[in-house]
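Subject: Handing over the structure

Hi,

Here is the structure I promised to pass on to you. Have a look at it first, and then read on for what I found.

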Amino acid sequence: MKLLVLVLNDERHMEGVLEAYIEAGVPGATILDSEGMGRFLAYKVPLFADFKEFMKGNKPKNKTILAVVRDDGVLDRLRPLIDAVIGGLSVPGNGIMFTVPVDWFAGPERAVEEA
Amino acid sequence: MPTLSAYFGPDRCAVDVSAPTKADAVAALVDLLAAAGKAPDRDALVRAVMEREALAPTGLGSDCAIPHAQTDAVTETSLAAIRLAEPLDFSAPDGTPARLVFLIAGPKDSAALHLRLLSRLARTLCDPAFRAAAIAAPDASSFAAAFLATDPPENVTA
């Protein structure tokens with residue numbers, strides 16, 4: 001079992017991303033409002049105020065999507081779908097996706113995918 | 001982690017500097033860089049630092065401020081440090097004036113290094129032990145030594 005984390009920089013892709021999750025077999029996820037470190041520093045810490053130009057292109061907010069997946073096949077199906085929706089995870093500024101092991105879980109079974 | 005010694009030397013340090021205004025303090029810092037050959041266009045660097053000051057304050061509180069600028073007036077990143085004779089307002093969040101003032105000047109195309117140095121310096125200035133040593137330093141060389149002592153040992157890589 002793994003925790004899948006996707007930090008999506010462009011919120012306009014949310015609908016497509018969630019459709020990709022469902023299509024790949026992720027029945028549920030938790031969506032968090034989040035913000036990038038560079039953006040926060042440049043706009044909320046006066047000492048770094050002159051780096052706004054350096055951070056241009058960064059979105060004011062991003063979304064972090066958490067989902068528990070049991071089957072690696074879900075990840076294999078999801079990756080190309082996400083790439084298609086957001087224009088490639090390898091492109092700077094689009095987002096990052098990673099998993100971390102989950103060694104304990106409590107909750108309804110529908111919280112994990114039906115692969 | 002950038003080491004301060006790569007960008008700073010005892011020749012770019014002074015204590016008990018008289019600076020009634022922020023512009024005077026910035027000028028004193030730039031003059032140290034100019035004397036060390038690090039500010040080929042002294043007036044342009046002063047202007048760039050003051051323009052940056054107008055954007056948002058660089059006072060950190062706890063007696064410290066870090067005015068800085070990225071500008072074509074310099075060709076390499078360098079630091080200067082002064083201890084003021086009298087505290088000076090740098091609009092710190094806690095409202096306290098600054099006595100320890102550090103300048104970072106870097107070229108426009110070195111934003112990543114500038115950011116790292118700014119963060120490194122801000123972290124260093126949060127250390128009460130360093131601030132106490134800097135305030136108590138009897139002369140410029142002691143002040144510089146206290147500053148450089150915050151670098152990690154040479155055989156430690158970060």
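This is a predicted model: local features need pLDDT of at least 70, side-chain atom pairs count only at pLDDT 80 or more; totals for chains, interfaces and linings use all residues.

Let me begin with chain A as a whole. Its secondary structure comes to three helices and four strands, and along the sequence these follow the pattern β-α-β-α-β-α-β. Taken along the principal axes, the C-alpha atoms of chain A fill a box of roughly 50 × 30 × 20 Å. The chain has 115 residues, of which 22% count as buried. If you take the contacts in chain A between residues at least 6 apart in sequence, 80% of them join residues at least 24 apart.

Now for the sheet of chain A. Its four strands form an open sheet in the order E2-E3-E1-E4, with antiparallel pairing. At the edges you will find strand E2 (30–34) and strand E4 (95–101) of chain A, each pairing on one side only. From one strand to the next, the twist averages 20°. Strand E1 (residues 2–8) of chain A is joined to E4(A) by seven bridges, in the antiparallel sense.

Helix H1 (residues 14–24) of chain A packs with helix H3 (residues 72–86) of chain A at an angle of about 155°, and their axes are 9 Å apart. Because of that angle, H1(A) is roughly antiparallel to H3(A). The crossing of the two helices is right-handed. On the H1(A) side the contact is made by A:Gly16, A:Val17, A:Ala20, A:Tyr21, A:Glu23 and A:Ala24. H3(A) brings A:Val74, A:Arg77, A:Leu78, A:Leu81, A:Ile82, A:Val85 and A:Ile86. Sorted by class, the contact of H1(A) with H3(A) has 10 nonpolar, one polar and two charged residues.

Next, the place where the chains meet. The contact takes seven residues from chain A and 12 residues from chain B. On the side of chain A that touches chain B, six residues are nonpolar, none is polar and one is charged.

In chain B, strand E5 (residues 78–88) pairs with strand E1 (residues 13–17) through four bridges, and these two strands run parallel. Here B:Ala14 stands opposite B:Ile82 in E5(B). Seven bridges join E5(B) to strand E6 (residues 98–106) of chain B, and this pair runs antiparallel. In that pairing, B:Leu79 stands opposite B:Ile104 in E6(B).

Finally, two residues of chain B deserve a look at their backbone angles. Most residues other than glycine have a negative phi. B:Ser62 has a positive phi of about 55° although it is not a glycine, and B:Ser62 is found in the loop between strand E2 (59–61) and strand E3 (63–65) of chain B. Phi of B:Asp63 is also positive, near 75°, and B:Asp63 lies in strand E3 of chain B.

Enjoy exploring it!

Best wishes

How values were computed: Residues are numbered from 1 along each chain as its sequence is written. Chains are lettered from A and ligands numbered from 1 in the order in which they are written. Axes are lines fitted to C-alpha atoms, for helices over the stretch in contact, and angles run from 0 to 180 degrees between N-to-C directions. Angles under 35 degrees count as roughly parallel, over 145 as roughly antiparallel, 65 to 115 as roughly perpendicular and the rest as oblique. A crossing is left-handed if the near helix is turned anticlockwise from the far one by less than a right angle, and right-handed if clockwise. Two residues are in contact if their C-beta atoms, placed from the backbone, lie within 7 Å. Ala, Val, Leu, Ile, Met, Phe, Trp, Tyr, Cys and Pro count as nonpolar, Asp, Glu, Lys and Arg as charged, and the others, Gly among them, as polar. Two strands pair if DSSP finds at least two bridges between them. A residue is buried if 20 or more other C-beta atoms lie within 10 Å of its own, exposed if 12 or fewer, and partly exposed in between; C-beta atoms are placed from the backbone.
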